[in-house]
Amino acid sequence: MRTQRDRLDTATAHLDPPVAVVDLDAFDRNAADLLRRADGRPIRVASKSVRCRYLLERALRRPGFAGVMSYALPEALWLTRVWAGTDLADTDILVAYPTADHSALRALAEDDTARRLVSLTVDSVDHLDLVDAVLGADHPEIRLCLELDVSWRPLRGSGKVHIGARRSPVFTPAEAEDLARAIAARPGFRLVGVMGYEGQIAGMGDRPAGKPLLGAALRWVQRESAGELTARRTRAVTAISAVAPLEFVNGGGTGSIETTRLDPSVTEIAAGSGLIGPGLFDHYRRFTPRPAVLFAVPVVRLPAPGIATVLGGGYLASGPANRDRLPVPHLPEGLRLLPLEGAGEVQTPLTGADGLRVGDRVWFRHAKAGELAERFTEYQVLAGDSVVRAVPTYRGEGHSFG
């Protein structure tokens, strides 16, 4: 019986490593599982976790996926241009992080189509001031999304204990209503949406390997946080809606779909990493995405019995500098990184390498979903047992948006 390693090695035998592969069967199965978990809520695709237009388009053309959560305004403008005249021409794009890009703001103001499709995220009047300073007070109308801080503050919301991402300063429904009124009173802006990323739920695996007590603590935090957030977000959305009619309320992430979908105020869920199945998503109880994107590097040394050294492989993920951000040896099974060397820029030694020879391939998974695309200009598309085409990543199309 052919193993997954045989399948990958045979399909890419004509390609010299390093090589990155997207397994379409795994990608499509992951997409179907996201939709199953969302239970009818539309999913906005988080492009940061994909960074490959071919894969982004494949997901968007699947019923149940609607819209893009972009990570940079230049990216959103580029997507509106490349999709013009296609079946994705009317895709709405939420830029999920505030922008200070002057040239991109000017390009947005000058593009009628982009202004119709693109919404900018704001969390303070300072963002409005910046746009006015760049474009002038009489600029065309800009669509806005208000970001709500959806972290958990267990000590009566005081902020002395903050569990979650440090994003928006807008935490209470009253603060959200105040900002909504400030936007409504400001010429040249229209509030169309609300968003919030509950990273303490979506971005924290609740089944850390070998740490059952930590897992129990994480599950308690996530359960308490989800209950508090549902009530607070619902009140905030009600208050904002009294000021401006909303087109969407975005919440969640791949790791929190089951809890986010229960919030009656949320109209859509953001997800992207679940399409790819990176290493950080191995530690969730509720779902297990298939590894859809992998990369291979060659064995170039056998420095000692049981140890093989591969060329490069040190594609580290962003976030706290710990072992969770290292790439995960995937195939052959049983390989482990050395604790004192980890994954290196020019070489990565691995233990458990009995049987490997110089020239063999070792397959890895990146710790996070989209960042591997910054290392490769193209992905090889694996359909069945064969590579059927190569598709460019964002970097392969000449773009790096952050």
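Me: At what angle do the axes of helix 4 and helix 5 cross?
Reply: Keep in mind that this is a predicted model. The axes of helix 4 (residues 73-82) and helix 5 (residues 102-110) cross at roughly 35 degrees. They come within 9 Å.

Me: Is that crossing left-handed or right-handed?
Reply: The crossing of helix 4 and helix 5 is left-handed.

Me: Which residues make the contact?
Reply: From helix 4, L73, P74 and L77. From helix 5, A104, L105, A107 and L108.

Me: And by class, how many are nonpolar, polar or charged?
Reply: The contact of helix 4 with helix 5 has 7 nonpolar residues, with no polar and no charged ones.

Me: OK, strands now. How many bridges join strand 10 to strand 11?
Reply: 3 bridges. Strand 10 (residues 293-304) and strand 11 (residues 307-311) run antiparallel.

Me: How many bridges join strand 11 to strand 14?
Reply: 5 bridges, and strand 14 (residues 347-351) runs antiparallel to strand 11. A308 stands opposite L350 of strand 14.

Me: Last one, helix 1. Which residues are buried?
Reply: In helix 1 (residues 4-11), R7, L8, D9 and A11 are buried.

Me: What covers them?
Reply: The cover includes strand 1 (19-23), strand 12 (328-331) and strand 15 (361-365). Strand 16 (378-383) and strand 17 (386-392) are also included.

Note on methods
Residues numbered from 1 in each chain as written. Predicted model: local features only at pLDDT ≥ 70, side-chain atom pairs only at ≥ 80, totals over all residues. Heavy atoms only, no water. Pairing = 2+ DSSP bridges. Helix = DSSP H or I, 4+ residues; strand = E, 2+ residues; numbered from the N terminus. Buried < 20%, exposed > 50% of the residue type's maximum accessible area, 1.4 Å probe, protein only. Contact = heavy atoms within 4.5 Å. Axes fitted to C-alpha atoms, helices over the stretch in contact; angles between N-to-C directions. Left-handed = near helix turned anticlockwise from the far one by under 90°. Nonpolar A, V, L, I, M, F, W, Y, C, P; charged D, E, K, R; others polar.
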